[in-house]
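Have the structure open as you read.

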Amino acid sequence: MNDDLIRRFVDEPEVSGLFFDFDGVLSDIVDLPWDARPVARAAEALESLAERFKLVAIVSGRGARELLAWLGSGVEIWGIHGAQHTLGGEVLLSERAEPYAELMERVQGDARRRIDELGIEGVLVEDKGVMFTIHYRAAKDRDAARLTLEKIAQEIAEGYGVVASPHKMAIEVRPPVEFTKAQVILQRSREAGLKKVAFVGDDVVDLPGFDALDALAREGVLTLRVAVDSDEAPAELLARADLILGGTAGVVSWMETLVSAVPPRG
Ligand SMILES: [Mg+2]
């Protein structure tokens, strides 16, 4: 059944689209998020896919700028869950994020000032365009840093009417609108008039991507839910997948299979 699904998928590349998560799919999971890089041949395979299929896009929680530097402008990139995207090698704020750009700049300035005043070593504020992330993984006393920083982030969020949410060793501060991978997949698939859509994910945050495919399937789109298996792969993701690939190496070889099955556009 899987072979058949894949075959039907490559039959009409002119109406087919592929969406990929980045971390755990095209890059191996690393301790420090800024140490991640695409695995060998991933960038080349993406570019070759983009030359063959109607739409090839990355949908990631990362900022679009670093993804652009790693993957090049041949592939469509949606960063920060869709708050940013790339166009012709430029990073742009998405329509829904644009109205919050100025506010978020002020919020970030204020947060940086207050964090600097604390003088906790090993704390890093990462600018992600219309959002920012406070990392404390490198702090000597992570628990103390977490408590202090979460309190400050919460005060700032309440003061400005934005949202602060704790993550693993980090706090993300974002505008009061939701950006999700599902929105990106739905919007771009409909805009591009795709009849066949695949999404490759590895994590619980990718489940909404599968939901988006289910919504498209109800509109008559042929969908392919692809999960990447690893020690940390969530059972629900694997259970809902049409196709399971073995780690990032499995993803790259699957991409190369698709590339060799479809001639480049003339
Ligand atoms: Mg991931």
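## A pair of helices

How close do the axes of helix H2 and helix H9 come, and at what angle do they cross? The axes of H2 (residues 42–50) and H9 (residues 247–261) come within 9 Å and cross at roughly 30 degrees. H2 and H9 are therefore roughly parallel to each other (angles under 35 degrees count as such). Ala42, Ala45, Ser48 and Leu49 of H2 make the contact with Val252, Met255, Glu256, Leu258 and Val259 of H9; two residues are in contact if their C-beta atoms, placed from the backbone, lie within 7 Å.

Helices (H or I, at least four residues) and strands (E, at least two) are DSSP runs, numbered from the N terminus. Axes are lines fitted to C-alpha atoms, for helices over the stretch in contact, and angles run from 0 to 180 degrees between N-to-C directions.

## The sheet

Now to the strands. Eight of them form an open sheet with mixed pairing, in the order S5-S4-S3-S2-S1-S10-S11-S12; two strands pair if DSSP finds at least two bridges between them. Strands S5 (90–93) and S12 (243–246) stand at the edges with a single partner strand each, so one side of each is left without a neighbour in the sheet. From one strand to the next, the twist averages 25 degrees.

Strands S2 (residues 55–59) and S3 (residues 76–79) run parallel and are joined by three bridges. Alanine 57 has glutamate 76 in S3 as its bridge partner.

## About the model

This is a predicted model: local features need pLDDT of at least 70, side-chain atom pairs count only at pLDDT 80 or more, and totals for chains, interfaces and linings use all residues. Residues are numbered from 1 along each chain as its sequence is written.

Note on methods: Parallel < 35°, antiparallel > 145°, perpendicular 65-115°, else oblique.
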